[in-house]
Amino acid sequence: MVSQEKLRELRLFAADIRIAALRAIESIGVGHVGGSMSVCDLMACLYGGVMNLRPEEPRWEGRDRFIMSKGHAGPAMYAALALRGYFPKEELLTLNAPETRLPSHTDMNRTPGVDMTTGSLGQGFSSGLGIALGCKRKGLENYVYILLGDGECEEGQVWECAAFAPAHGLDNVIAFVDYNGLQLDGPVDEVGGVKDLSARFAAFGWHALDVADGNDPEQILRAIDAAKAEAGRPSMLILHTKKGKGCFFAEDVFNHNMPVTAELADEAVARLEAAKAAL
């Protein structure tokens, strides 16, 4: 069982990821705020201790891999990578600038610590499963973590992947859905009828779990531990999150790409700093 002190560290790390990601988006004045903020707690858990990594050796073969299949949430991943020492934190302020190593969507050819280029929804899932199959055939004892968006699960490619992974016994895969309930055009259950995802993945042979509060590090870690206890099949953890979590002007707003002024960012950061102080 994880200690209360470790949970406190992860909550502080999640707040720092939110602050760093917001400042990065503020630097260009617009960005994917909601979908980045909702995954910061998962980023804190993965990069704060779950994954076996060597920031000083980003291409170490034995590392765990993370694929941000919902590639537009790159700012959250970049923030976690910078805070873990993959590149200087100051570089976050070059987000999507000319010649940057931090493009709007994640790019393995530019950013240290990024294991797959993503952004075309569904393709990161396919790539992640291919990586997992390759790792298994090499005899590596690592995990491949993959994060999908709930709107992304409208893609047919996702369900081809859902059939593929159990058929190949990819128990080194632990995938997540950021189920914040909102996509570009509105609620996911109205736009594409995405619901009951755990039952759907279970029907394909996955070990599927609903995480009631996908912004709670304790619940996330408990679900990951349960996934690691499964043998012979992949796991899918449905994280019920709040879009824009921790950013007052973005919570429960379905705008996919929104403007961020210095004033808004300053107020959001001040609130996050206050929440950190309370911890």
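Tutor: Keep in mind that this is a predicted model. Let's begin with Tyr179, which sits in strand E4, residues 173–179.

Student: Is Tyr179 buried or exposed?

Tutor: Go by relative accessibility: under 20% means buried. Tyr179 comes in at 16%, so it counts as buried.

Student: Which residues does Tyr179 touch, leaving out those up to four places away in sequence?

Tutor: Among them are Asp150, Val188, Val194 and Lys195, along with the run Ile238, Leu239, His240 and Thr241. As for Leu237, it is 58 residues from Tyr179 in sequence, yet their C-alpha atoms are 9.8 Å apart in space.

Student: What about Ser36, in helix H2?

Tutor: Helix H2 spans residues 33–37. Ser36 is buried, because its relative accessible area is 0%. A polar atom of its side chain lies 2.7 Å from the backbone oxygen of His32. Beyond four places in sequence, Ser36 touches His72, Ala73, Pro75 and Ala76.

Student: And how should I think about nonpolar cores?

Tutor: In soluble globular proteins, nonpolar side chains tend to be buried together. Here the largest nonpolar core has 61 residues, and those touching the most other members include Val33, Met43, Phe66 and Phe249. Helix H1, residues 4–28, gives the most to this core, with 11 residues.

Student: Which residues does Val33 touch, again skipping those up to four places away?

Tutor: Leu22 and Ile25, then Cys247, Phe249, Ala250, Met258 and Val260. There's also a second, separate core of 29 residues, including Phe125, Leu129, Leu133 and Ala162.

Technical notes. Residues are numbered from 1 along each chain as its sequence is written. This is a predicted model: local features need pLDDT of at least 70, side-chain atom pairs count only at pLDDT 80 or more; totals for chains, interfaces and linings use all residues. Side-chain values use heavy atoms; hydrogens and water are left out. A nonpolar core is a set of buried Ala, Val, Leu, Ile, Met, Phe, Trp, Tyr and Cys residues joined through side-chain atoms within 4.5 Å. Buried means under 20% relative accessible area, exposed over 50%, partly exposed in between (1.4 Å probe, protein chains only). Helices (H or I, at least four residues) and strands (E, at least two) are DSSP runs, numbered from the N terminus. Contact means heavy atoms within 4.5 Å. A polar contact is a pair of N or O atoms within 3.5 Å; within protein, one must be able to donate a hydrogen and the other to accept it, and residues adjacent in sequence count only if both atoms are side-chain atoms.
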